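Student: I am new to this structure and would like a close look at one part of it. Could you take me through how its helices pack together?

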Amino acid sequence: MKNNLPANSQEVALSYYVAGIFGVYKDWLAGDIIATPEELVTMLGQLANQE
């Protein structure tokens, strides 16, 4: 997959992904998500591989 986004747009997109991933782990650690670490990794992998 070719990335056609300008560098500043890539940085914004990366910031959103990082915030989302951090939020999922924070919620999991707080007990707000009832999933195993393996399930979370699988879910995040599926999200990252979407086009």
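Tutor: Here is a walk through the helix pair and a few residues in it. This is a predicted model, where local features need pLDDT of at least 70, side-chain atom pairs count only at pLDDT 80 or more, and totals for chains, interfaces and linings use all residues. Residues are numbered from 1 along each chain as its sequence is written, and side-chain values use heavy atoms, with hydrogens and water left out.

Two packed helices are described by the angle between their axes and the distance between the axes. Here the pair is H1 (residues 7-29) and H2 (residues 37-48), whose axes come within 12 Å and cross at roughly 165°. Helices are DSSP runs of H or I, at least four residues, numbered from the N terminus; axes are lines fitted to C-alpha atoms over the stretch in contact, with angles from 0 to 180 degrees between N-to-C directions. H1 is therefore roughly antiparallel to H2, a term for angles over 145 degrees.

Which residues make the contact? H1 brings Ile21, Val24, Tyr25 and Trp28, while H2 brings Pro37, Leu40, Val41, Met43 and Leu44; contact means heavy atoms within 4.5 Å. By class, that is nine nonpolar, no polar and no charged residues, where Ala, Val, Leu, Ile, Met, Phe, Trp, Tyr, Cys and Pro count as nonpolar, Asp, Glu, Lys and Arg as charged, and the others, Gly among them, as polar.

Leucine 47 also lies in H2. Leucine 47 and tyrosine 17 are 30 residues apart in sequence and 9.8 Å apart in space, C-alpha to C-alpha.

Key: Helices (H or I, at least four residues) and strands (E, at least two) are DSSP runs, numbered from the N terminus. Angles under 35 degrees count as roughly parallel, over 145 as roughly antiparallel, 65 to 115 as roughly perpendicular and the rest as oblique.
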